[in-house]
Amino acid sequence: IFSFFSLKSTSSPETNMTAMNSTTSNNSSSSSIHRRQKPKKLVVVMGATGSGKSKLSVDLGTRFFPNSEIVNSDKIQVYRGLDIATNKISMHDRRGVPHHFLGEFDPETEFTPSDFRELASKTIAQITSRRNLPLIVGGSNSFIYSLLAKRFNSETDVFDESSAINSVSSELRYSCCFLWVDVSLPILNEYLDKRVDEMLDSGMYEELEEYFAREGFAESESASRTGLGKAIGVPEFERYFKRVGLGGGADGSEVEKRLSYEEAVKAVKENTCTLAKRQLEKIQRLKDAGWDLHKIDATEAFRAAMGMTSDSGKRASDIWEKMVVEPSAKIVKRFLME
Ligand code: ATP
């Protein structure tokens, strides 16, 4: 499953259909006295954690829109470090598509939505000046909102459910094509549980152990963390490593240590599923506020990828292609021609 959704198995032929010229920001006639700048065109790939956003964007970037550059909008992946725990797309899986805002920032500082608004808009301007197509890809809706909203107030959390008024605005400062990669929650949860096991198999435990050996432990469990310290896996495994010691050297029976480990893994799985659910609620709020999101249902591809049959990888690839990549490419092509 992991290798399918971490992009390694796609084998379809390469197709090149560019529409890049339509991504330039100013097409108005030079004879016009009041030249009005058209808003820049962006593609935004949204969805809960684990839903295949990275895979889809690289598929689009390598096979349909070769002048694409990806701007990461996952607020934890912007920091350097914990590449496995935060699920950063590997160099291999980026397949030559340029990525921005991945592991670029100091893990001990706080990179805020306002920072993202300011820096990502500069990067987008550079991408469009190269006549390339920016693809904004990531699950943090506060980052997506801060970047796209025409008016942004860093003091207001527009997703705050306790707020009486729905303050989500649909006035945007770019011309956006939104692709929402959706997977039904029960199937996504099943997949996320397996993904955590696979991340642990690929070295997440060792990565976290090194992280704590370097950074030390927080003063107390309730101490607020900065930057990368907020990543799922850090608080859950901090509790575990405090109990068993780094390198497993602390006193205590093997059974106790095993139970602590299982508790940490269970908490990581639960918190990942909670993150996915909350992200979906935020996407729904954007949709309810009038954002024109194109929902692409990837559930069948996930169901097939998790199947037990020997041909499930091939079936999942075929379904992914037909039900996710092709419809998405069609939507983006139409948008670029508008
Ligand atoms: P936002 O609400 O700002 O749009 P989000 O939906 O990505 O962001 P939160 O709801 O704030 O995330 O996140 C819940 C928890 O999950 C937080 O502790 C957050 O830091 C953590 N988290 C979010 N993304 C990742 C990630 N890629 N890797 C690990 N942990 C993450």
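Trainee: Which loop does Asn87 lie in?
Mentor: Quick heads-up: this is a predicted model, where local features need pLDDT of at least 70, side-chain atom pairs count only at pLDDT 80 or more, and totals for chains, interfaces and linings use all residues. Residues are numbered from 1 along each chain as its sequence is written, and side-chain values use heavy atoms, with hydrogens and water left out. Helices (H or I, at least four residues) and strands (E, at least two) are DSSP runs, numbered from the N terminus. On that naming, Asn87 sits in the loop between β2 (68-72) and α3 (91-94).

Trainee: What is the phi of Asn87?
Mentor: Most residues other than glycine have a negative phi. Asn87 isn't a glycine, yet its phi is positive, at about 60 degrees.

Trainee: Is Arg95 buried, partly exposed or exposed?
Mentor: Buried means under 20% relative accessible area, exposed over 50%, and partly exposed in between (1.4 Å probe, protein chains only). Arg95, in the loop between α3 and β3 (99-100), has a relative accessible area of 30%, so Arg95 is partly exposed.

Trainee: How are α8 and α9 oriented to each other?
Mentor: Axes are lines fitted to C-alpha atoms, for helices over the stretch in contact (heavy atoms within 4.5 Å), and angles run from 0 to 180 degrees between N-to-C directions. Helix α8 (residues 234-244) and helix α9 (residues 254-288) pack at about 170 degrees, with axes 8 Å apart. Angles under 35 degrees count as roughly parallel, over 145 as roughly antiparallel, 65 to 115 as roughly perpendicular and the rest as oblique. So α8 and α9 are roughly antiparallel.
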